[in-house]
Amino acid sequence: PPTFLLLGIPGLEKEQFWIAFPFCIMYAIALLGNILLLLLIKTESSLHEPMFLFLAMLAFTDLVLSTSMLPKMLAIFWRGSRQIGFVPCLVQMFFVHSFSTVESGVLMAMALDRYFAICYPLRHSSILSTSVVAALGSLVLLRGFLMVSPACFLLHRKAFCQHHVISHTYCEHMAVVKLVCEDTTVNAIYGLFTAFSILGFDIAVIVVSYTMILRVVVKLSSSGTQLKALNTCVSHVCVILAFYIPALFSFLTHRFGQSIPHHVHILVASLYLLVPPMLNPIIYGVRTKQLRDKIVVL
């Protein structure tokens, strides 16, 4: 088809104009916070450590993720500009899903960084050197591109019905798959395989890393040292929860939660791409002393 029509939030068409304002504010905070983080980490040589380099990757990923969907969403809500071309729709779908995958991979890498920092503090800088951090970031980015690209190519070869209305605020994979006239079993299976393999692997690494961290922290003799070690992980745990809880809710309800109102699912799926980019710089800016001090000086 030459174009699709993005419906927005079905059932809340009259309220969309006002819903756009808090979305726009969250996007502005996400832009300001993540750009500030990138500038601070780039200009301050004292922040060129593995944790902050991974945080810079997270900030860049958040910028791409939120920018790939929110401008079009605001155009739908404020101007009624619902039309999107077939190729731009696939491009948007690629960026949304690939950078969601990249964000999950960066969070996994940050969990590994905390594991080495607490369990092997003397070898931390040698294990996670700048070249290793760059290699991890490149692998995470490459994994996202390679895992999501086949889903886009599979859709590009399909025949679509006359019904070209997407009941969503952006081109989400399964929402587009539902418009295909042909058999979509391969698309659905590949989508499930990608989601379960990536989320399953990343969450497993994060859980194992923090289990090992807790085992080491419990064995520390001083309660002050225990609190200091745990405090370095609190920011990362908050960021993980802010990303994975809405992600899992959106993924599961889209496939198995037929009883949940459709507009609730669309709202959560949209917030899932916007709330973490907004919260991540705030959480790290408040919880991390080095960043907090640099922001105050700036």
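1. What is the order of the three strands in the open sheet? The order is β2-β1-β3, and the pairing is mixed. Strands here are DSSP runs of E with at least two residues, helices are runs of H or I with at least four residues, and both are numbered from the N terminus. Two strands count as paired if DSSP finds at least two bridges between them. The edges are β2 (83-85) and β3 (165-166), each of which pairs on one side only.

2. Before going on, a word on what we're looking at: this is a predicted model, where local features need pLDDT of at least 70 and side-chain atom pairs count only at pLDDT 80 or more, while totals for chains, interfaces and linings use all residues. Residues are numbered from 1 along each chain as its sequence is written, and side-chain values use heavy atoms, with hydrogens and water left out.

3. Back to the sheet. Strand β1 (residues 3-6) runs parallel to β3, with two bridges between them. If you want a spot to look at, leucine 6 is opposite isoleucine 166 in β3. As a reminder, strands of a sheet pair through backbone hydrogen bonds, either parallel or antiparallel.

4. On the record side, an unreviewed UniProt entry gives "transmembrane region" at residues 17-40, 52-70, 90-112, 124-146, 188-217, 229-252 and 264-286. UniProt positions are in the numbering used here, feature names are shortened, and annotations may be inferred rather than shown by experiment. In the model, residues 17-40 are 100% helix and 0% strand, with end C-alpha atoms 35 Å apart. For residues 52-70 the figures are 89% helix and 0% strand, with 26 Å between the end C-alpha atoms.

5. Have a look at the surface around Phe17, Trp18, Phe21 and Trp78: these form a nonpolar patch with about 440 Å² of accessible area together. Patch members have over 30% relative accessible area and no salt bridge; like charges are joined within 9 Å, and nonpolar side chains (Val, Leu, Ile, Met, Phe, Trp, Tyr) within 5 Å. Areas come from the Shrake-Rupley method with a 1.4 Å probe, and for residues only the protein chains shown count as cover. Helix α1 (residues 16-43) gives the most, with three residues. Phenylalanine 21 sits in helix α1 and is partly exposed, at 37% relative accessible area (buried is under 20%, exposed over 50%, partly exposed in between; 1.4 Å probe, protein chains only).

6. The whole structure has three salt bridges, meaning a side-chain nitrogen of Lys or Arg within 4 Å of a carboxyl oxygen of Asp or Glu. One joins aspartate 113 and arginine 114 at 2.9 Å, N to O, and both residues are buried. Another joins arginine 143 and aspartate 202 at 2.8 Å, N to O. That pair links distant parts of the chain, 59 residues apart: arginine 143 is in helix α6 (residues 130-156) and aspartate 202 in helix α8 (residues 185-218). Aspartate 202 is buried, at 0% relative accessible area.

7. Lysine 158 and glutamate 182 also form a salt bridge, with their closest N and O atoms 3.9 Å apart. Lysine 158 is in the loop between α6 and β3, and glutamate 182, 24 residues apart from it, in the loop between α7 (173-177) and α8. Glutamate 182 is partly exposed, at 37%.

8. Last, cysteine 233 in helix α9 (residues 223-256) is buried, at 3% relative accessible area. Leaving out residues up to four places away in sequence, cysteine 233 touches Arg114, Ile118, Tyr210 and Ile213 (contact is heavy atoms within 4.5 Å). The C-alpha atoms of cysteine 233 and arginine 114 are 6.8 Å apart, although 119 residues separate the two along the chain.
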